Amino acid sequence: MVWFILRRAGSAVIVLFLASVLIFLGIRALPGDPAVVMAGEDASPSLIEAIRRDYGLDKPLPAQYVDYLGQTLSGNLGRSTQDQLPVAGILAERLPVTLELSALALLVAIVVGVGAGIVAAVRRDRLPDYVATGFGLAGLSIPHFWLGLLGILLFAVTLRWLPASGYVPFTQDPGQNLQRMILPALVLGTGFAAILMRQTRSAMLGALSADYVRTARSKGLAEVKVVGAHALRNSLTTVVTVLGLQLGALISGAVVTEQIFVIPGFGKLTVDAVLTRNYPVIQAVVLITVIGYVLVNLLVDIAYAFLNPRIRLSGSGHD
Amino acid sequence: MTEAPAPPSAAEAPPRRGAARAWRRFRRRPMPMTGLVLVAGFLLLAIAGPLATGDPAAQDYAATLAPPSGAHPLGTDDLGRDALARVAHGAQVSLQAGVLSTLLAMAAGIPIGLVAGFYRRWLDPVVMRLVDVTLAFPFLVFAVGLAAIIGPSLKGVVLALGFSQLPAVIRITRGEVLSIREMDYVSAAVADGASDGYIMLRYVLPNCAAPLIVQATVAIPAAIIGEATLSFLGLGVQPPTPSWGVMLTTAQQYLDVAPWLAIWPGLMIALATLGFNLLGDGLRDVLDPRSGR
């Protein structure tokens, strides 16, 4: 197990290294003087000079990369060209907002998706199954941002139950915070609930027809225990795998959801940075996203190996 | 010869008879057929719709943000442009994004997967590590990076979508090749002195077709949603080009005065995606018997 974790962590480090090279080269592949590009269109000559000095752009590329890596590892991600604030500080302010939104959305997805998947499998080919399967197909096909617009239209514009947009920090007013986060979390969570529901349903159907479930039933075990303790537990690997695979979609979804509900999180920062060509911020958000993505995938692989001994024995998480 | 015994595996079935049998199984099911009808409707809207509905940029200043009426069945937007014409032209943009990005991923991914799987000893590990690195960049990060480098455009959207589909195409092709190259007919061709290139194109590639077709029915709707999402964020197709995503950006600004603008573009995205999903589920059932669902 230790060997398995070390090998997985090693390949994660290699992936991160290659990704950092790509990000480093990406900004230098832009046409024109990188200092001018990073400073933005109407930058003063002194700012361009400062950037050239900060990034050591007059040195050869490998030396620049070593500098970049050293600065990044020590937490210096440069300054935003919009307001000259350190990028690391901006990220520290924006990331918790997105993490809260994602955590709430995942909660919605797991409760609704796994719950509906179990019900659909247990009541196969009956009304609950048809309802859940229909919900699954709809959830897969409806884009987040349209669902968000419909949600605002129904709950904010027509019924006036919830505010249409805006954000209040949790530490300032938890009630207001949740009132504003509930619709975005539902919108973001629905698509993942649909995917989880479909996967849980098919994993549960497989498990319910397996020999060990028949044995459990023939022992006279209560049906709740058969489903909960035996079939569900063996379907959990599927849930973990799906969550890992859908992480990229969760990040994209959070970006869109923040844009619709005007939530000042990481996603809105990303979009605003691209639209204003704020390259230091773009570079940082891409790096942070890749790091987060690689780390979560590593955790998923490890969790997967814990749940399924065959994987750590064969030594490979993918094939 | 017509009553030959059943072939030992699906991969070895003659393609033409397999296709006819698959179609017979497919035709009897309501869900895939619904999907086929939805996809056909989407194609019709994208190809014939723009010809039938007139200029999507024509402005009617007497009727801005007008509710649905005889002259404008779906209403008009803030600049007095006909929403129906824009929905039809938006279908064309969606279709382009979906098909071009999938073709791009297939054109680049199939040869890579084919060669990696065939020369698995020395090429495969390198290719698979590279795939892992690509997988470390979520789709939106690609799109953000490309939009930052070449500017927001349909071209950037197609490139970003195509690139993000590439790992899946490579993995699927490579996985198929790994099992196909162990087949007896490949060994026979090798013994016959056929060149590697000939074996790959004549024997291996055709037998990879079924899972790749299924993959296309997954990739196209993902690309349709991807294009709409990027355009909605302002990172994709730029106004005044009528993309469904761009239309929804406008709709959000006027949600309280013109809610009808938010309905049709989103509904079209959902129906087109649903169509491809149902079609894909059906194709998977008939083309890929191993994935018993």
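Author: Throughout, two residues touch, or are in contact, when they have heavy atoms within 4.5 Å of each other. This is a predicted model, so local features need pLDDT of at least 70 and side-chain atom pairs count only at pLDDT 80 or more, while totals for chains, interfaces and linings use all residues. Residues are numbered from 1 along each chain as its sequence is written, chains are lettered from A and ligands numbered from 1 in the order in which they are written, and side-chain values use heavy atoms, with hydrogens and water left out.

Reader: OK, start with A:Val271. Which residues does A:Val271 touch, not counting residues up to four places away in sequence?
Author: A:Val271 sits in helix H12 of chain A, residues 266–275; helices here are DSSP runs of H or I with at least four residues, strands are E runs of at least two, and both are numbered from the N terminus. Leaving aside residues up to four places away in sequence, the contacts of A:Val271 are A:Val255, A:Gln259 and B:Leu233.

Reader: Is A:Val271 buried or exposed?
Author: The cut-offs are under 20% relative accessible area for buried, over 50% for exposed and partly exposed in between, using a 1.4 Å probe and protein chains only. A:Val271 has 1% relative accessibility, so A:Val271 counts as buried.

Reader: And how many Å apart in space are A:Val271 and A:Ile282, C-alpha to C-alpha?
Author: Along the sequence, A:Val271 and A:Ile282 are eleven residues apart. C-alpha to C-alpha, the distance in space is 8.9 Å.

Reader: Which residues of chain A does B:Phe232 touch?
Author: B:Phe232 is in helix H10 of chain B and is buried, at a relative accessible area of 4%. Not counting residues up to four places away in sequence, the B:Phe232 contacts in chain B are B:Gly245, B:Val246, B:Leu248, B:Thr249 and B:Gln252. In chain A, B:Phe232 touches A:Phe145, A:Val256 and A:Ile260.

Reader: Staying with H10 of chain B, at roughly what angle do the axes of H10 and H12 of chain B cross?
Author: Axes are lines fitted to C-alpha atoms, for helices over the stretch in contact, and angles run from 0 to 180 degrees between N-to-C directions. H10 covers residues 209–233 of chain B and H12 covers residues 260–287. Their axes come within 9 Å and cross at roughly 165°.

Reader: What orientation does that make H10(B) relative to H12(B)?
Author: By angle, under 35 degrees counts as roughly parallel, over 145 as roughly antiparallel, 65 to 115 as roughly perpendicular and the rest as oblique. The crossing angle of roughly 165° therefore makes the pair roughly antiparallel.

Reader: What residue classes make up the contact of H10(B) with H12(B)?
Author: On the H10(B) side the residues include B:Ile213, B:Val214, B:Thr217 and B:Pro221, and on the H12(B) side B:Phe276, B:Asn277, B:Gly280 and B:Arg284 are among them. Ala, Val, Leu, Ile, Met, Phe, Trp, Tyr, Cys and Pro count as nonpolar, Asp, Glu, Lys and Arg as charged, and the others, Gly among them, as polar. The tally is 14 nonpolar, four polar and one charged.

Reader: Over in chain A, what is the handedness of the crossing where H11(A) passes H13(A)?
Author: The axes of H11, residues 247–261, and H13, residues 279–307, come within 10 Å and cross at roughly 145°. A crossing is left-handed if the near helix is turned anticlockwise from the far one by less than a right angle, and right-handed if clockwise. H11(A) passes H13(A) in a crossing that is right-handed.

Reader: Which residues of H13(A) make the contact?
Author: H11(A) contributes A:Leu247, A:Gly248 and A:Ile251. Across from them, H13(A) supplies A:Thr289, A:Gly292, A:Tyr293 and A:Val296.

Reader: What is omega near for the peptide bond from B:Pro239 to B:Pro240?
Author: B:Pro240 is in the loop between H10 and helix H11 (244–253) of chain B. The bond from B:Pro239 to B:Pro240 is cis, with omega near 10°.

Reader: Last one: how many helices are there in chain A?
Author: Chain A has 319 residues, 47% of them buried, and its C-alpha atoms fill a box of roughly 80 × 55 × 35 Å along the principal axes. With zero strands, its helices number 14.
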